[in-house]
Amino acid sequence: MDWLKQNWYHITQLLLLLWPPKKEKGVTIDKNSDEVDLDKIKGTTRILFIDDEKFKVSNILAEQYGWVRTKWVKDVISLDSQDIQNADIIFIDINRVGTKLGFLNGLGLVEPLKGRYPKKKVVVYSANPYRNMSNPAIQRADGRLKKYSTPFEFQDLIETFAKEIYGNK
């Protein structure tokens, strides 16, 4: 039983990969209601973190906030990777990612991702303050956060974007 408790997150992720819901984008939202079935949205929204270091907020979002389709990758080798194609919301660390595709940093991923997948929400974040806020990639991103933002700040942004994606603005 202890093994199950320690590995429940990984088991859940494996089950979600093996048995995805029949309707990927099938969250039903009553447009006449102000209420959103947030549990359905949390179970459907796919969130990808691209970060060269394991980012603990990704685990907190899945384990404590219920965003069970949250995934972390160290970097991407293709804009057409399954991880990117499947994601609804993509968080990109500015530092030390994107290099496998020849970019100087994660900002290089923003423009091609938004160009290829305009409906996906792309958020950039960094532990280091980025001084050049006029950078076109930062301007093109749907959101910006500091890496040391609280998990609640990440959750709040994800919830806002998930509601936009699934039709309840």
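**Close-up views of a predicted α/β chain**

Figure 1. Helices (H or I, at least four residues) and strands (E, at least two) are DSSP runs, numbered from the N terminus. The model is predicted: local features need pLDDT of at least 70, and side-chain atom pairs count only at pLDDT 80 or more, whereas totals for chains, interfaces and linings use all residues. Residues are numbered from 1 along each chain as its sequence is written, and side-chain values use heavy atoms, with hydrogens and water left out. Of the 169 residues in the protein chain, 43% are buried. Buried means under 20% relative accessible area, exposed over 50%, and partly exposed in between (1.4 Å probe, protein chains only). The accessible surface of the chain is about 9900 Å², and carbon and sulfur atoms hold 53% of this surface; such areas come from the Shrake-Rupley method with a 1.4 Å probe, and for residues only the protein chains shown count as cover. Among contacts in the chain with a separation of 6 or more, 62% join residues 24 or more positions apart. Contact means heavy atoms within 4.5 Å.

**Figure 2. Strand 1 and its pairing with strand 2 and strand 3.** From strand 1, Ile47 and Phe49 point one way and Leu48 and Ile50 the other way, and all are buried. Strand 1 runs parallel to strand 2 (residues 70-73), to which four bridges join it; isoleucine 50 stands opposite valine 73 of strand 2. Strand 1 is also joined to strand 3 by four bridges, again in the parallel sense, and isoleucine 47 has isoleucine 89 of strand 3 as its bridge partner. Two strands pair if DSSP finds at least two bridges between them. Together with helix 3 (residues 56-63), strand 1 and strand 2 make a right-handed β-α-β unit. A crossover is right-handed if, with the strands pointing away from the viewer, the path from the first strand over the helix to the second runs clockwise.

**Figure 3. The largest nonpolar core, with 21 residues.** A nonpolar core is a set of buried Ala, Val, Leu, Ile, Met, Phe, Trp, Tyr and Cys residues joined through side-chain atoms within 4.5 Å. The residues with the most contacts inside the largest core are Ile50, Ile90, Ile92, Leu109 and Leu113. Two or more residues of this core come from each of strand 1 (47-50), strand 3 (89-93), helix 5, strand 4 and helix 6 (136-140). Helix 5 gives the largest share, four residues. Not counting residues up to four places away in sequence, isoleucine 90 touches Leu48, Ile50, Ile84, Leu113, Lys120, Lys121, Val122 and Val123. Another core, of 18 residues, lies apart from the largest one and includes Phe49, Leu61, Val123 and Ala162.

**Figure 4. Lysine 114 in helix 5 (residues 107-116).** Is lysine 114 buried or exposed? Lysine 114 counts as buried because its relative accessibility is 6%. A polar atom of the lysine 114 side chain lies 2.8 Å from the backbone oxygen of lysine 120. A polar contact is a pair of N or O atoms within 3.5 Å; within protein, one must be able to donate a hydrogen and the other to accept it, and residues adjacent in sequence count only if both atoms are side-chain atoms. Beyond residues up to four places away in sequence, lysine 114 touches Lys120, Val122, Arg140 and Asp142.

**Figure 5. Threonine 44 in helix 2 (residues 38-44).** Threonine 44 is buried, its relative accessible area being 11%. Its side chain places a polar atom 2.9 Å from the backbone oxygen of lysine 40.

Figure 6. In strand 5 (residues 143-146), Gly143 and Leu145 form the covered face, whereas Arg144 and Lys146 form the uncovered one. Alanine 127 and tyrosine 148 are 21 residues apart in sequence and 6.3 Å apart in space, C-alpha to C-alpha. Leaving aside neighbours within four places in sequence, alanine 127 is in contact with Lys147 and Tyr148.
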